[in-house]
Each structure stands twice: as structure tokens, then as C-alpha cells.
Amino acid sequence: MIASQTNSIWRNICWLIAFILMIPAAVMLFAGFNASTDLFTHLWQTVLPTYINNTLLLGFGVVFLSVFFGVSSASFIVHTDVIGKKILRWLLLLPLAMPAYLVAYLYTDLFDYAGPVQRTLRAWFAWQSPNDYTFFDMRTLPGAIIVIALVLFPYVYMLARTAFEQQDQNLLRASRLLGLSTKQSFFKVALPLARPAIAIAASLVLMETLADFATVQYFAVNTLTTAIYDTWLGYGDLPAANALASILMLFILIVVVSEQRARAKQNHQSNRPNKNQYLIVLTQFEQFFATSFCWLLAFFGFVLPFVLLLIMAFEYSNIEQFLMLLPSGKNSVEIAFITASITVFFAFIFILYQRLSRDSWRGIPQIISGFGYAIPGTVLAMAMLATFGPLDHFINDSARFFKFTEPGLLLSGSIFAIIFAYVVRFAAIANGTLASGVEQIPLSVDFAPASLGAGLSKMLKKVHFPLLNNSLWVAWLLVFIEAMKELPAVLLLRPFNFETLSTQIYQLISDEMLEQGALGAIFIVLLGLIPIIWLNNYKDEALISNSNNSESSV
């Protein structure tokens, strides 16, 4: 808290950026609250209660399964001698690289009535029609819950695993000395200590679930996100769509605030925790169950879908399809590159302002800028249109008044709206990554350059930027990959004849022709693996370093 204490320009820039990022959401909320269209009233009296019920069931089901999958697998990896744990540690993270709508299509194609699984079963048992047997239907609400949970449970696994590994083992030993068994110690001590991390992961899973559009639409499960899309594009009623988007956004904000208040001021760890793990030796049956559980999660969450994509690519792809994907791939990379660069630059400004300033409200701009992650892509698209649409009309009316050439949809009809929506959506990712990196820098580093007469700009260039280099790179990668995978916002905001890999693959999936986009899907998945593997290696190195430090102190 030094050089920037009198820098009013830096403070004003941070507050200005934060409020600009929140303007679209505020405009959309205002428009939604003032919407009184007949269509919205009709929806509220007919199908809207069903949409809300499906949304709640989907969110609860995915969170429940994700927490069960993630916490169970994390506990097996950290606390037991499960076979293959070195491979499973990073393999269980890989489903994050798979877009849920890809997994939905692949599993529907695999397990549908005309798919290879049911064809094989009919051949084995001589079944002639669907009346001869009962098989699980993927295109249902339970099917959507399972598919989305298989993709999102790594959020819970990653944070729960980190929480278990960072716990003070002296607390677990003390519980066992007081008469608790190993399993009782886990459920009564280790699991409650990890609850804040699990709650954060569950809130992330819920936000991603409520933001999902392509999966639920492909499975014909009507939720608020599909209702927003259909109301705007199907009925052409923007005010009613804004009202639905406002309901969804307020619901998510209530969940986020409730989760933050529930875990506020929780601190169960000692200042110098002992992190030397004592593994539980599993019996033969327990070993079989734990190993099968973890490998099945990795298999159905990543390995099987990725293998199916590879088979499609080898069987159906050709040079013409590859050339067809190049323009949309170029668009995706350009938008993701610009978005990641802008987002990380803003996060760098917010984090260092909070670190170096003495202003009482220095943390508010970062909080405001990161709130957009709680807003689904569909809702963000509505917010962009509600904000930039009137601005475009004003610009064109002004140009017409002064007899200039009308620029057209300069803001809402160009990639500007897409990039703006992406920056709002993913600012929290960059903020969180850089905040974690800044916390590792001792405060003495801030004061030393100032005591030597170095100015703010020189201190940032020579000290903070090099120390935050890894965090900046990880934040950039995470935002880049998320921007590559994002579908709802770009699907609604893209200009005419503008495609990205995600929109092109989605169109092919909608037309039951994913085979033609298998190469593009593989490209998105492989890009998604880069930050996941990077982060896993980074966490493993940090864990080894902490363990060595603990042994040295002992």
C-alpha cells in the first residue's frame, strides 16, 4: 500500500472500467422489470412455471451428482492408497476440457435406439422392438443431469482435493486419539473443514449449469435459458426475453450471495499446518470399489467421448472439411486472443490497485468486475442487445441528422458486442488467478523499491510483473480456452455470416452431422487440455514444495 495512494487517475480508471462492465446487466434488469408484455403474462400463466421447475431440478441434480463424484474421488485420491492414483490425479481433471453439448451428442448417438449399444443388445437377446425391453433415454432431464455432471464434477474434485491436501493433519490425528475411527475422522473433521471449498465449487457448478444452453436444448429440456432464446428469436419479443433473463440472473445472484455469506469468516486451519498425509489402507473390496469408481468417472467423463471424436475424425474427415473449419477456427482464435488479453490487462490493474492503494473501497472494483461470471451467456447476450441496440439507433439517427453515412449496427452487430460480453463473463477467472498470485508475494516486496526511490511504473515493470508472470500466463490461458468454448453469447450476438468453432459445431450437432465437425471439436478439446495439465502440474509442484518445507520445519 504505497505508491498509488495518491494516484487518483488509477483509482478513477478502475472504478470506470468496473462500472462499464456492469452497465449492460443493469440496463437489462431495468428493461426486464419494466416489461409488461402480453407474451410474458401468457408465459407466466402457462409454461413458465414448468421452465422454472426444470431449471431448479436441473441445477439441484447436477450439483448433487457433481459434489458426490468430486468429493468421493478427491477423498480416494488424497486419503487412500487407491491403485493408479498418480494417473488418476490429473485424469480426473480432463472432463473439464469437454464441452457438455459434445458429450450430450456423442452419448445420445452411442446409446440411442439406433445406436451401437442398443443394436448390439437387440442382436444378442433377439429383441425385435422397443416393447421387448427397457433402456435409459438420454434425451430427458435425468440424461441432461448426468451428462452435465460428468463434465462439471472436476470443479468440485479440484477444489476438494486441494482442500484435503492443505488440511492440518494434526487435527485428524487428534480426532483419532479421542476415539474416532479413520472413517469417522474423515466425515466429522476432514469433510467439514473442506466445506467452504466444496461450497465454492458447488456454486461454480450451479452457475455453469444454469448458463448451459446447447445441452438442454439438444435434449429438449425446457429451462429458463431455452425460454429466453425462444422468446427472443421465436416470438421476437425482446422485453419479455429481458424479463426472463432478469429472473434467471437474480436467481443466480441470490445463490452466489447466500453461498458467500454461509462461508463468511470461516477459518479452521492453524497457522503452521502439518500436511504429511497418512494414507488409509483399503481392503480388497474397498480397493476394487474406489479404483472402479475413479476410473469410470475418468472414462465416461473424458476418455470415451474423446475416443468417439477420434473415430469420427478418422472415418469421416477429409481435407475439404478441414478447410471449411479454418475460417471459423481463425475467428475463434482471434476473439479468444483479444478477450484474454483485455481481461488479463483489466485484472492486472484491479489487483494491483487493491494491493498498492490505501483507499477504503479499493476492493470494490474487482468485486464488481468479477460479478459477470454469475451471469449466463444467454443473459449476457440479452444485456448487450438491450444496451448497445439503443446506442446504435442513436448513432444512426445522429448521423442521419447531420447528413453523414449511417454506420449501421456498429456496436450490437459486430464482434465488439461478443468481445465485450466475453470480458464481462470471464473477468472473474482472471481476477481470481491473479489474486492468488499476488497473495504469494510478500508485502516487503512492495516497500523495498519505494525505499530505493523507484516510481510506480518502474516498480510494476521490474518487480510485480516478473513475479506475476506465471499467474498472468495461467489467467490468459484459462480465459482464452473459456472464450474458445463459449457458445450461447456468440450464438446470439454474432454478425451475419460469422461463425466460430463452437457455433459451427453446434449447428452441425443440431443437424445431426457432428462427423463433419469432429476435427474442430478435437481442436477445442485439445486446447482445453493445456491449462488443465498446466494447473495440475503447478499444484503438484506446490504440494511437493509445501511437504518439503513441512519436513524441514519438523
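Analyst: Let us begin with a definition: the axis of a helix is a line fitted to its C-alpha atoms over the stretch in contact, and the angle between two axes runs from 0 to 180 degrees between N-to-C directions. Please keep in mind that this is a predicted model.

User: What makes helix H15 oblique to helix H21?

Analyst: The axes of H15 (residues 319-356) and H21 (residues 469-485) cross at roughly 140° and come within 8 Å of each other. Angles over 145 degrees count as roughly antiparallel and those from 65 to 115 as roughly perpendicular, with the rest, once angles under 35 are set aside as roughly parallel, called oblique. The angle of roughly 140° therefore makes H15 oblique to H21, and the crossing of these two helices is right-handed.

User: Which residues of H15 and H21 make the contact, and how many of the contact residues are nonpolar?

Analyst: On the H15 side they include Ser332, Phe337, Thr343 and Phe348, while H21 contributes, among others, Leu472, Trp476, Phe480 and Met484. The residues of this contact divide into 13 nonpolar and four polar, with no charged residue.

User: Why are H3 and H10 called oblique?

Analyst: H3 and helix H10 (residues 195-211) pack at an angle of about 140°, with their axes 9 Å apart, and since only angles over 145 degrees count as roughly antiparallel, the two helices are therefore oblique to each other. Their crossing is right-handed. Among the residues that meet are Thr55, Val62 and Val71 in H3 and Ile198, Val205 and Leu210 in H10. This contact divides into ten nonpolar, four polar and no charged residues.

User: Why are H3 and H7 oblique to each other as well?

Analyst: H3 and helix H7 (residues 141-166) pack at about 40°, with their axes 6 Å apart. Roughly parallel would need an angle under 35 degrees, so H3 and H7 are oblique to each other. The crossing of H3 and H7 is right-handed, and its contact residues divide into 23 nonpolar, seven polar and two charged.

User: What lines the second largest pocket, and which elements give two or more residues to that lining?

Analyst: The second largest pocket is lined by 27 residues, of which Ser75, Phe76, Lys183, Phe186 and Phe187 lie nearest its centre. The elements giving two or more residues are H3 (48-79), H8 (169-177), H9 (182-193) and H14 (284-316). By class the lining has 17 nonpolar, seven polar and three charged residues, and about 710 Å³ of space lies in this pocket.

Note on methods
Residues numbered from 1 in each chain as written. Predicted model: local features only at pLDDT ≥ 70, side-chain atom pairs only at ≥ 80, totals over all residues. Heavy atoms only, no water. 1 Å grid on protein atoms, 1.4 Å probe; cavity = no way out; pocket = protein on both sides within 12 Å on 5 of 7 lines; lining within 4 Å. Points joined across faces, edges and corners; volume = space filled by probe spheres on them. Helix = DSSP H or I, 4+ residues; strand = E, 2+ residues; numbered from the N terminus. Nonpolar A, V, L, I, M, F, W, Y, C, P; charged D, E, K, R; others polar. Left-handed = near helix turned anticlockwise from the far one by under 90°. Contact = heavy atoms within 4.5 Å.
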